[in-house]
Amino acid sequence: MKSKIKNIQWKNLLLLALFTSFTLFIFAPLEILSGIWLDVWFDITHIIGVVLLLFSACFCVVYFGGILCALVLPKAEIFYQALIVGVTLAFYIQGNFMKSNFGTLDGEAIDWSLYKGDSVASVLVWIALIVGTFFWASRKNESFIKGSKVIMGIILLTQTVTLVTLAFTSDMIQTKDSMAYSSENQFVYAKEDNMIILVLDAYDSQAFQYILDNPEGIDYEAQFENFIYYPDTVGAYSRTYYAIGEMLTGAKFVEQCDFEEYVTKLTGESVYRT
């Protein structure tokens with residue numbers, strides 16, 4: 001037992017556990033959040049607890065799993081490391097270099113038959129990486145240990161630099177105000193000069209027209225008296241966050257300016273289409 005404990009590659013297992021848990025549960029979710037921050041209601045404070053919990057759990061599973069493997073099946077320890085390295089590399093390459101373009105994810109069913117080539121390529125990459133690391137570990141044990149350290153170190157460094165850069169160049173670490181719908185003051189208006197704008201997000205105008213044409217005893221025209229209905233309105237953007245400002249004001253958002261400044265300018269000037 002003492003000889004088995006002595007032969008455990010403690011440093012390798014620590015680096016392996018850090019590489020896997022950091023890649024899957026720190027870098028991946030935070031990098032994704034940096035790209036969708038404007039489109040979701042939550043911020044980093046809402047997910048950081050779960051992120052750290054999953055990171056810790058994964059670290060412990062990989063690390064103590066390697067120790068258990070070294071104690072029970074010492075000869076299989078190198079293949080355990082090869083498996084973890086291969087799988088983590090596959091996740092890393094899949095998530096960063098093999099992203100399929102599914103178009104606008106608006107709730108419509110995805111036609112998976114259009115992505116057969118992507119699926120085949122993904123499977124081939126996974127098989128190649130896992131089989132390749134196994135073959136490398138079986139043929140050149142010392143070379144695999146040294147080489148995998150270099151690979152894991154480079155990727156960890158790259159991910160760390162990327163996250164630090166995103167923290168300073170994106171909204172990833174900013175917090176958001178907590179907002180919720182409320183019926184308070186819902187029907188409180190000024191005595192004169194009220195402007196009520198109804199924007200139906202992702203709503204088919206034909207459905208509303210059908211309701212108007214088939215009122216079933218409800219006089220919708222009387223209810224919407226003095227409202228102007230635009231049946232053929234088309235937004236300039238596929239995302240609500242970007243489309244509303246342009247739809248109400250006609251002012252388009254361009255990438256050269258800061259989006260928050262764009263929104264502040266629109267709401268501050270209150271320039272609506274007439």
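Trainee: Is glutamate 246 buried or exposed, and what is its relative accessibility?

Mentor: The general idea is that buried means under 20% relative accessible area, exposed means over 50%, and partly exposed lies in between, with a 1.4 Å probe and protein chains only. Here glutamate 246 has 5% relative accessibility, so this residue counts as buried. Please keep in mind that this is a predicted model, in which local features need pLDDT of at least 70 and side-chain atom pairs count only at pLDDT 80 or more, while totals for chains, interfaces and linings use all residues. Residues are numbered from 1 along each chain as its sequence is written, and side-chain values use heavy atoms, with hydrogens and water left out.

Trainee: Which side chain meets glutamate 246 in a salt bridge?

Mentor: In general, side chains of opposite charge can pair when their charged atoms come close. The term salt bridge is used when a side-chain nitrogen of Lys or Arg is within 4 Å of a carboxyl oxygen of Asp or Glu. In this structure the partner of glutamate 246 is lysine 252, with 3.7 Å from N to O, and by this rule the count comes to one salt bridge. Lysine 252 itself is exposed, at a relative accessible area of 53%, whereas glutamate 246 is buried.

Trainee: How many positive and negative side chains does the protein have?

Mentor: For such a count, Lys and Arg are positive and Asp and Glu are negative, while His and the chain ends are not counted. Each charge is placed at NZ of Lys, CZ of Arg, CG of Asp or CD of Glu. The protein has 17 positive and 28 negative side chains, and 30 Å separates the centres of the two sets.

Trainee: How many helices and strands are there in the protein?

Mentor: Helices (H or I, at least four residues) and strands (E, at least two) are DSSP runs, numbered from the N terminus. This protein has ten helices and zero strands. Helix α2, for example, covers residues 10-36 and holds asparagine 12, while helix α6 covers residues 141-169 and holds leucine 157.

Trainee: What is asparagine 12 in contact with, leaving aside its neighbours within four places in sequence?

Mentor: Contact means heavy atoms within 4.5 Å. With those sequence neighbours left aside, asparagine 12 is in contact with Gln81, Ile145 and Lys149, and asparagine 12 is buried, with a relative accessible area of 8%.

Trainee: What is the radius of gyration of the protein, and what would a compact globule of 274 residues have?

Mentor: The radius of gyration is taken over C-alpha atoms, and the globule rule is 2.2 Å times the number of residues to the power 0.38. The protein has 27 Å, but a compact globule of 274 residues would have a value near 19 Å. Along its principal axes, the C-alpha trace spans about 90 × 40 × 35 Å, and of the 274 residues, 26% count as buried.
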